[in-house]
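Morning, everyone. Please have the sequence and the model open while I talk.

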Amino acid sequence: MEDEFYRIKRLPPYVIAEVNAMRHAARQAGRDIIDLGMGNPDLPPPAHVIDKLCEVARKEDAHGYSASSGIPGIRKAQANYYGRRFNVDLDPETDVVMTMGSKEGLASLATAITAPGDVVLAPNPSYPIHTFGFIIAGATIRSVPTTPDERYWESLDRAMAFTVPRPSILIVNYPSNPTAETVDLAFYERLVAWAKENKVWILSDLAYSELYFDGNPTRSILEVPGAKDVAVEFTSMSKTFSMAGWRVGFAVGNAKLIAALKRVKSYLDYGAFTPIQAAACAALNGPQDIVEKNRNLYQKRRDVMVEAFGRAGWDIPSPKASMFAWAPLPPALKEMGSLEFSKQLLTEAEVAVAPGVGYGEDGEGFVRIAMVENEQRLRQAARNIKRFLASKGVNTPAS
């Protein structure tokens with residue numbers, strides 16, 4: 001018998017899991033770890049959403065199998081959201097499918113549309129499912145940059161010219177996880193034109209659609225006329241409504257891709273628990289003040305973190321969107337590498353961050369910082385980091 005199964009051999013050890021295990025062990029030992037590693041919202045969902053969950057869960061007929069693609073009300077609610085937010089017209093029957101979070105949706109679509117040996121273009125660094133969902137499905141990954149500058153377009157053109165077989169799928173993710181980079185509508189217009197010219201499907205991950213800062217709303221690729229000919233887009237309620245554990249996401253857009261995703265999902269699951277779907281409808285259709293409230297809270301945390309960490313001696317670029325900062329290692333400690341830096345920061349400063357190398361080789365030299373602790377804890381983290389840097393001989397500015 002083989003020592004390892006075929007697909008397991010294609011999956012390297014999850015680097016970030018190393019730091020997560022250390023964090024867990026430290027907490028079990030009673031240490032006060034400030035966890036800025038995992039993007040796990042610390043805020044509750046809106047009260048009316050929880051009320052709807054409880055109301056429907058009390059109904060005797062609400063506990064059977066649900067609809068794999070989502071109940072009609074949830075698909076209609078998502079279509080209405082796209083109409084309000086992006087002025088995009090979606091047919092709830094053909095253009096929308098509910099997923100168990102955007103992560104499951106991406107993985108299921110990869111299973112639906114990928115043949116062994118297909119080449120997929122994915123950003124590096126990127127959220128792991130953007131690559132490993134397709135690796136599990138048997139594809140080969142060719143990396144393209146995450147930063148949307150001219151080097152990005154040159155990389156796409158080289159990939160089409162020199163890759164055999166030619167790439168058939170491109171993954172995009174803006175606001176980016178982990179880098180927090182954003183794009184404008186002109187970028188998507190150019191991308192849709194490129195995809196049509198090269199006969200490439202675009203899968204857009206828009207999980208952080210509502211966590212934008214400084215009054216600059218994120219854009220959807222589906223705002224581009226004709227984008228539905230080549231693109232689907234994934235969104236999630238995890239961050240927008242602080243419903244991460246509920247596992248509610250959506251894929252919308254190209255009807256052929258949506259149909260393929262629906263077909264695979266019909267074999268794999270019976271859909272999310274019906275009361276959860278009803279509560280998600282209440283979130284999408286009900287008062288939206290929680291969305292702006294969460295956005296303002298994360299923006300304030302961002303400002304506190306950038307200012308406090310800077311005074312501690314660690315300059316961090318201010319993210320334009322998402323719940324993350326993509327921070328270069330302090331120059332004096334760059335040779336340490338992102339994994340060792342993250343381990344030492346956890347052990348010596350009691351601050352957990354995610355090593356950049358866990359998001360791809362181009363993530364080396366960075367760590368991802370999640371803004372999932374309150375302002376007081378962020379300032380405490382800054383004080384701990386200042387002591388850590390001083391212990392390494394790094395000059396820190398005066399308080």
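Before going on, the ground rules. This is a predicted model, where local features need pLDDT of at least 70, side-chain atom pairs count only at pLDDT 80 or more, and totals for chains, interfaces and linings use all residues. Residues are numbered from 1 along each chain as its sequence is written, and side-chain values use heavy atoms, with hydrogens and water left out.

Some terms. Helices (H or I, at least four residues) and strands (E, at least two) are DSSP runs, numbered from the N terminus. Two strands pair if DSSP finds at least two bridges between them.

Now the neighbours of S5. Strand S3, residues 119–124, is joined to S5 by two bridges, and the two run parallel. Strand S6, residues 201–205, also runs parallel to S5, with five bridges between them. Leu170 has Ile202 as its bridge partner in S6.

Is S5 mostly covered or mostly open? Mostly covered: five of the five residues in S5, 169–173, are buried. Buried is under 20% relative accessible area, exposed over 50%, and partly exposed in between (1.4 Å probe, protein chains only). Ile169, Ile171 and Asn173 point one way; Leu170 and Val172 point the other. Both sets are buried.

Take Ile171, in strand S5. Ile171 has a relative accessible area of 1%, so it counts as buried. Leaving out residues up to four places away in sequence, Ile171 touches Val120, Leu121, Ala122, Pro123, His130, Phe134 and Leu203. A contact here means heavy atoms within 4.5 Å. Leu53 is 118 residues from Ile171 in sequence, and their C-alpha atoms are 34 Å apart.

**The whole chain**

Step back. The chain has 13 helices and twelve strands. Its C-alpha trace spans about 60 × 55 × 55 Å along the principal axes. A compact globule of 399 residues would have a radius of gyration near 21 Å, and the chain agrees, at 21 Å. That radius is taken over C-alpha atoms, and the globule rule is 2.2 Å times the number of residues to the power 0.38.

Of the 399 residues, 54% are buried. Take contacts between residues at least 6 apart in sequence: 75% of them join residues at least 24 apart. The accessible surface is about 17,600 Å², and carbon and sulfur atoms account for 52% of it. That area comes from the Shrake-Rupley method with a 1.4 Å probe; for residues, only the protein chains shown count as cover.

Next, an open sheet of three strands, in the order S9-S12-S11, with antiparallel pairing. S9 (324–328) and S11 (354–355) are at the edges with a single partner strand each, so one side of each has no neighbour in the sheet. Five bridges pair S9 with S12, residues 366–370, in the antiparallel sense. Within that pair, Ala325 stands opposite Ile369 in S12.

What do the buried residues of H11 pack against? They pack against S9, S12 and helix H13 (375–391). H11 covers residues 289–311, 23 residues in total. From first C-alpha to last, H11 reaches 33 Å, close to the 33 Å expected at 1.5 Å a residue. The expected span is 1.5 Å times one less than the number of residues. The buried residues of H11 include Ile290, Tyr298, Met305 and Phe309. Just after H11, Gly313 takes a positive phi of about 105°.

Look at Asn294, in H11. Asn294 has 3% relative accessibility, so it counts as buried. Beyond residues up to four places away in sequence, Asn294 touches Leu43, Lys239, Thr240, Phe241 and Ser242. Phe241 is 53 residues from Asn294 along the chain, with 8.0 Å between their C-alpha atoms.

Last, Arg377, in helix H13. Arg377 is at 17% relative accessibility, so it too counts as buried. With residues up to four places away in sequence left out, Arg377 touches Asp32, Ile33 and Ile34.
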